[in-house]
Amino acid sequence: MKFEKPLIQPLGKQAILLSWQENIDENLLYHLLQLKNNIQQNYTKVKVEVINTYNSLLINYSSTINNIYREISVVEKLMDSQRKKAHLQFYQFSLPVCYDQKFGLDLEELSQQNQLEISEIIQLHTQPNYTIFFKGFLPGFLYLGGLDEKLHISRKKSPRLKVEKGAVGIGEKQTGIYPQISAGGWQLIGNCPVPIFEVNQQKPSPFQAGDKLKFEAVSMEDYQTIQQEVNQGTYQLKKEVYEH
Amino acid sequence: MSIKVIQPGLLSSIQDFGRTGYAQYGVPQSGVMDRYAAKIANLLVGNTQYEAVMETTLMGPTLQFQEEMLVALVGLEAVVTLNDEKLALLKPFEVKNGDVLQLKQITKGTRLYLAVKGGFLTEKKLESRSMYEPVTSSGLLRKDDELKVAEYKGEKEKAFAHIKFEAEKYESSQLEVFPGPEFHRLPEELKGELLTKKFSISKNNSRMAYQLEEKLENELPSILTQPVLPGTVQFTPGGNLIILMRDAQTTGGYPRIFQLTEESINLLAQKKQGDAIEFQLKQYEK
């Protein structure tokens, strides 16, 4: 698949931004991730961090760039060079979610507004194989693509001051998990007992852009068992290699 | 070696130069709000600029030293006492076990930095000691905290007396900005207005962002979630201007119209509610 050339511009004196047309598209994501890999491979002497969003790559340099236009042409050349596609390893994850009304504080509201039975909501939410596009908003928060249109719902009129860690919610066209207690305006439908951001791990989040994620409905009883396993450090995150 | 927090003050925390390499996890950079002042504080006690320092805001803390150490305070103007005697900023001084330092009030600027020889050795998470909840267990100093610091071997550095703090830098109300990625989407008239109007800092100003008081009508559509950095100026559909600071989130959905220079982030970090600012557009050097 062919993609347009991005617009390449500086963002301050320590970062270069590459932007493509605004689009949420899985093919564009994998194109970005290949380029991200190329850029990371190329910078060996200079320390950079490359982050992606839906349609952008941001190259963060660890110090001030002396000649920003020269650096931009380095990036341009890198993009033009015909490199063999790297084999990037992606994973399929599965996370348990308990859709009990104890956690799903807005299940009733969603059910009424979107005219769906609660069982249908759970079915529609656990059906898709979501794509992880990137992390942002809060430490460890996953931007997921693939929410069923029937579940789209506007945010709450006034946000809750406290949303529990692990809360699973829907805001407009997006669904996600709150990695920690925070304020939040999403409609809450369940809770995931598995922590998705752990600061004491060398990699604080096991998920990477390009990985796939499915939600698996679990009972309150299973939820509590999993929670115990997590606390004891015996819980095994469900993960397998995913081929695109 | 430690310093005991008798009173934590308004918004005091330990900060270094922040976390790099964790934006991909959605972790804010954090770090000292005014890198220049913090650097001078470190240099005055003979540290590198990267050591962790104490950042204090407006109403500072009361601290008790548990050992002998070498300390420096850098800020614009403040009322500070050591054992009830007035103390000058910008001069390194030795303290003894039991000495009590009170950062009573910052009378000019907003933030004052306290550096100790060897630096603070508090909790390190994701390669940085910068306090940011929930990455570190607390975002602020708390009463009765015992802050670990490096051992002091009595080597008072006199050689650093020549280090000059250029306080006049902070007199300016001009924030130098580069055009942001969505700047070109603004109509010419609005660009003109943004670059000539005097703005003031609203009460919504924190380590995460400074919101400006004045609103400007605009018809910019919001954007798909994009990367943002400390110093990015967001322009909301409601007309608010939000200048992201060191604890800013890593992505955002409002048009990014300006990007502050590093020096301007430092300058803004010393501004408070009601202070005036203007934007001065700068182009990248060819």
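Predicted model: local features only at pLDDT ≥ 70, side-chain atom pairs only at ≥ 80, totals over all residues.

1. Residues are numbered from 1 along each chain as its sequence is written, chains are lettered from A and ligands numbered from 1 in the order in which they are written, and side-chain values use heavy atoms, with hydrogens and water left out.

2. How many aromatic pairs does the structure hold over all chains? There are 22, where rings of Phe, Tyr and Trp (its six-membered ring) pair if their centres lie within 6.5 Å, and planes under 30 degrees apart count as stacked, over 60 as edge-to-face and the rest as tilted. The rings of F183(B) and F258(B) have centres 5.6 Å apart and planes at 35°, so this pair is tilted. The pair links distant parts of the chain, 75 residues apart: F183(B) is in the loop between β12 (174–179) and α2 (188–196) of chain B, and F258(B) is in strand β19 (residues 256–260) of chain B. Helices (H or I, at least four residues) and strands (E, at least two) are DSSP runs, numbered from the N terminus.

3. F258(B) has another ring partner. With centres 4.9 Å apart and planes at 40°, the rings of F258(B) and F279(B) also make a tilted pair. F279(B) lies in strand β20 (residues 276–281) of chain B and F258(B) in strand β19 of chain B, so the pair ties together parts that are 21 residues apart in sequence. The relative accessible area is 0% for F258(B) and 2% for F279(B).

4. F279(B) turns up again in the largest nonpolar core, which has 72 residues; F279(B) is among those with the most contacts inside it, with L101(B), F120(B), L194(B) and I243(B). Such a core is a set of buried Ala, Val, Leu, Ile, Met, Phe, Trp, Tyr and Cys residues joined through side-chain atoms within 4.5 Å. Why does this core lie between domain 1 (2–168) and domain 2 (172–281) of chain B? Because both domains give residues to it. The domain bounds come from an automatic or database domain assignment.

5. The two domains of chain B have centres 28 Å apart, taken over C-alpha atoms. Across the boundary, 23 residues of domain 1 of chain B are in contact with 17 residues of domain 2 of chain B, contact meaning heavy atoms within 4.5 Å. Leaving aside neighbours within four places in sequence, L101(B) is in contact with residues including P61(B), L63(B), F65(B), F93(B) and L114(B).

6. Chain B also has an open sheet of 6 strands in the order β7-β6-β9-β4-β1-β11, with antiparallel pairing; two strands pair if DSSP finds at least two bridges between them. β7 (85–86) and β11 (146–148) of chain B stand at the edges with a single partner strand each, so one side of each is left without a neighbour in the sheet. Strands β4 (residues 62–65) and β9 (residues 100–108) of chain B are joined by 3 bridges, and V100(B) in β9(B) is the bridge partner of Q64(B).

7. Now to chain A, with 5 helices and 14 strands. Of its 244 residues, 52% are buried. In strand β9 (residues 167–171) of chain A, 5 of the 5 residues are buried, so the strand is largely enclosed by the rest of the structure. A167(A), G169(A) and G171(A) cover one side, with V168(A) and I170(A) on the other.

8. β9(A) has two antiparallel partners to look at. Strand β12 (residues 187–191) of chain A pairs with β9(A) over 4 bridges, and I170(A) stands opposite Q187(A) there. Strand β10 (residues 174–177) of chain A also pairs with β9(A) over 4 bridges, with G176(A) as the bridge partner of G169(A). The hairpin of β9(A) and β10(A) has 2 residues between the strands, and E172(A) takes a positive phi near 55°.

Technical notes:
Buried < 20%, exposed > 50% of the residue type's maximum accessible area, 1.4 Å probe, protein only.
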